[in-house]
Amino acid sequence: MTSSSPVRVDLDGNTIKPLTICMIGAGGFIGSHLCEKLMNETNHTVLAVDVYNDKIKHLLEPESVPWTGRIQFHRLNIKNDSRLEGLIKCSDLTINLAAICTPADYNTRPLDTIYSNFIDALPVVKYCSENNKRLIHFSTCEVYGKTIGSYLPKDSPLRQDPAYYILKEDTSPCIFGSVEKQRWSYACAKQLIERLIYAEGAENGLEFTIVRPFNWIGPRMDFIPGIDGPSEGVPRVLACFSNNLLRREPLKLVDGGESQRTFIYIKDAIEAVLLMIENPARASGHIFNVGNPNNEVTVRQLAEMMTQVYSKVSGEDSIETPTVDVSSKEFYGEGYDDSDKRIPDMTIINKQLGWNPKTSLWDLLESTLTYQHRTYAEAIKQAIAKPAAN
Ligand SMILES: NC(=O)c1ccc[n+]([C@@H]2O[C@H](COP(=O)([O-])OP(=O)(O)OC[C@H]3O[C@@H](n4cnc5c(N)ncnc54)[C@H](O)[C@@H]3O)[C@@H](O)[C@H]2O)c1
Ligand SMILES: O=c1ccn([C@@H]2O[C@H](COP(=O)(O)OP(=O)(O)O[C@H]3OC[C@](O)(CO)[C@H]3O)[C@@H](O)[C@H]2O)c(=O)[nH]1
């Protein structure tokens, strides 16, 4: 579809008017996929705000693309730029994705993490509320923290009862570790901004939607250390394991790789966000889990599956010792802690938006690792060969 695309209708059959969307953090992983979707399939205009634009360059550069004029990049840091209010004022909707959201930062840069996820988001909420603009704010599944079940004895049969581990937006408690466990600086900051947004809705009528993503993964997630990011950087698990596979190194399993996650393909998740954008009457005032409850694995199982899939897409045999155990202190430093298990309850998003994820873990890893191999394998070979040549 292009700018001459057919009229779009919402879930209730009403015509959707083209919107101007101020998307903060548009240059990141989720932002880049959302921009792509909005350009390819809708007539909405995006004011893309970020400090970087590498991941959306393909949408900005060509002069002849059908969406020319519907996406503008504004390079600004929302910490200290007076242009932000003007951009929010001239938009119908603001989507805030900007954040420090990499676990390696939560316990090593807790101040930056808290500022980024709470303080820097405050003006965005304030400008939306004061100017009667709709806000879609990206929170996280980490606000649930640990499951109730994790506090039961290891052999308790109650651990098998979904009531003790399924995460529900309106009933599950938020269970964080002690303050010394600075891992929770991120979750705590995200929880407080959720509460502030909710209170702005209750007291001042702010029209809001809060999204809690459950491990969205796919192409363009984070960076490959030493190739398009710092050599010593620690990205999220998909990029860590991709980097190990590309370099033919063992995948590092933190604390035995026993934690469990549900992974969702970015393209499935973006469908849910588009439904929120285009169905304000159904999405406003709600907090939505967005994840795939059918794609649960332990991190060890994820490592095994990624090893098999990478072997298939690269045509290379896997190495003799595909995984190695590391302690969380060694890998992330003092103050790391972990969420034990994350399965989203889907009742609210099913009821309000009729949305369900589609892609299996194997399929999403196959398309993502095909992308990683095509994008990075040659650069890694050259980077590895260089020191030997010198
Ligand atoms: N990817 C996931 O699975 C996931 C899970 C839970 C929550 N989230 C939330 O979704 C949002 C987006 O996540 P992502 O995975 O795309 O992360 P990302 O790091 O790829 O994207 C965040 C973007 O925000 C930008 N940004 C940060 N601070 C900024 C500032 N002060 N001014 C301007 N731009 C700034 C960054 O440059 C980056 O491009 C975050 O709020 C994150 O907490 C994501
Ligand atoms: O090399 C590695 C890297 C990580 N692990 C372990 O994998 C689990 C998942 O890690 P990761 O994807 O990096 O992050 P989390 O799921 O813990 O947290 C994210 O979830 C959502 C979000 O809010 C934003 O993306 C973020 O906080 C974990 O158990 C690591 O210890 C590994 O074993 N080896």
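User: Hey, which residues are closest to ligand 2, and how many surround it?
Analyst: This is a predicted model, so keep that in mind. In it, 23 residues surround ligand 2, and the closest are Tyr106, Glu142, Arg236, Lys252 and Asp338.

User: What classes of residue make up the shell around ligand 2?
Analyst: The shell has 13 nonpolar, three polar and seven charged residues.

User: Which helices and strands each supply at least two residues of that shell around ligand 2?
Analyst: Helices H4, H8 (237-246) and H12 (328-332) do, and strand E9 (251-254) does too.

User: OK, and which side chains have an N or O atom by an oxygen of ligand 2?
Analyst: Threonine 140 is one of them, with a side-chain N or O atom 2.7 Å from a ligand 2 oxygen. Arginine 183 also has a side-chain N or O atom by a ligand 2 oxygen, at 3.1 Å. From the backbone, an N or O atom of valine 237 lies 3.0 Å from an oxygen of ligand 2.

User: How much of ligand 2 does the protein cover?
Analyst: On its own, ligand 2 has 670 Å² of accessible area, and the protein covers 95% of that.

User: Switching to ligand 1. Which residues come nearest there?
Analyst: Phe29, Asp50, Asn77, Tyr186 and Trp216 come nearest, out of 24 residues around ligand 1. By class, that shell has 14 nonpolar, seven polar and three charged residues. Helix H1 (29-41) and helix H7 (185-204) each supply at least two of the shell residues.

User: Which backbone atoms lie by the oxygens of ligand 1?
Analyst: Tryptophan 216 has a backbone N or O atom 2.8 Å from a ligand 1 oxygen. For leucine 97, a backbone N or O atom lies 3.1 Å from an oxygen of ligand 1. Glycine 28 has a polar backbone atom 3.1 Å from a ligand 1 oxygen as well. As for cover, the protein takes up 89% of the 830 Å² of accessible area that ligand 1 has on its own.

User: You mentioned H7. What packs against it and H4?
Analyst: The buried residues of H5 pack against helix H4 (103-106) and H7.

User: Which residues of H5 are buried?
Analyst: In H5, which runs over residues 110-117, Pro110, Thr113, Ser116 and Asn117 are buried. They sit on the same side of H5, because they cover an arc of only 135 degrees around the axis.

User: Now arginine 261. Is it buried or exposed?
Analyst: Arginine 261 counts as buried because its relative accessibility is 9%, and buried means under 20%. Its place is in strand E10 (residues 260-262).

User: What does the side chain of arginine 261 join up with?
Analyst: There's a 2.7 Å polar contact between the side chains of arginine 261 and aspartate 338. Besides that, a polar atom of the arginine 261 side chain lies 2.9 Å from the backbone oxygen of serine 339. Leaving aside neighbours within four places in sequence, arginine 261 is in contact with residues including Arg183, Asn215 and Glu296.

User: Last topic: which residues have a positive phi without being glycine?
Analyst: Arginine 220 is one, with phi near 70 degrees, and arginine 248 is another, at about 55 degrees. Most residues other than glycine have a negative phi.

Technical notes. Residues are numbered from 1 along each chain as its sequence is written. Chains are lettered from A and ligands numbered from 1 in the order in which they are written. This is a predicted model: local features need pLDDT of at least 70, side-chain atom pairs count only at pLDDT 80 or more; totals for chains, interfaces and linings use all residues. Side-chain values use heavy atoms; hydrogens and water are left out. A residue is near a molecule or strand if one of its heavy atoms lies within 4 Å of it. A polar contact is a pair of N or O atoms within 3.5 Å; within protein, one must be able to donate a hydrogen and the other to accept it, and residues adjacent in sequence count only if both atoms are side-chain atoms. Accessible areas come from the Shrake-Rupley method with a 1.4 Å probe; for residues, only the protein chains shown count as cover. Helices (H or I, at least four residues) and strands (E, at least two) are DSSP runs, numbered from the N terminus. Ala, Val, Leu, Ile, Met, Phe, Trp, Tyr, Cys and Pro count as nonpolar, Asp, Glu, Lys and Arg as charged, and the others, Gly among them, as polar. Buried means under 20% relative accessible area, exposed over 50%, partly exposed in between (1.4 Å probe, protein chains only). The arc is that of the directions from the helix axis to the C-beta atoms. Contact means heavy atoms within 4.5 Å.
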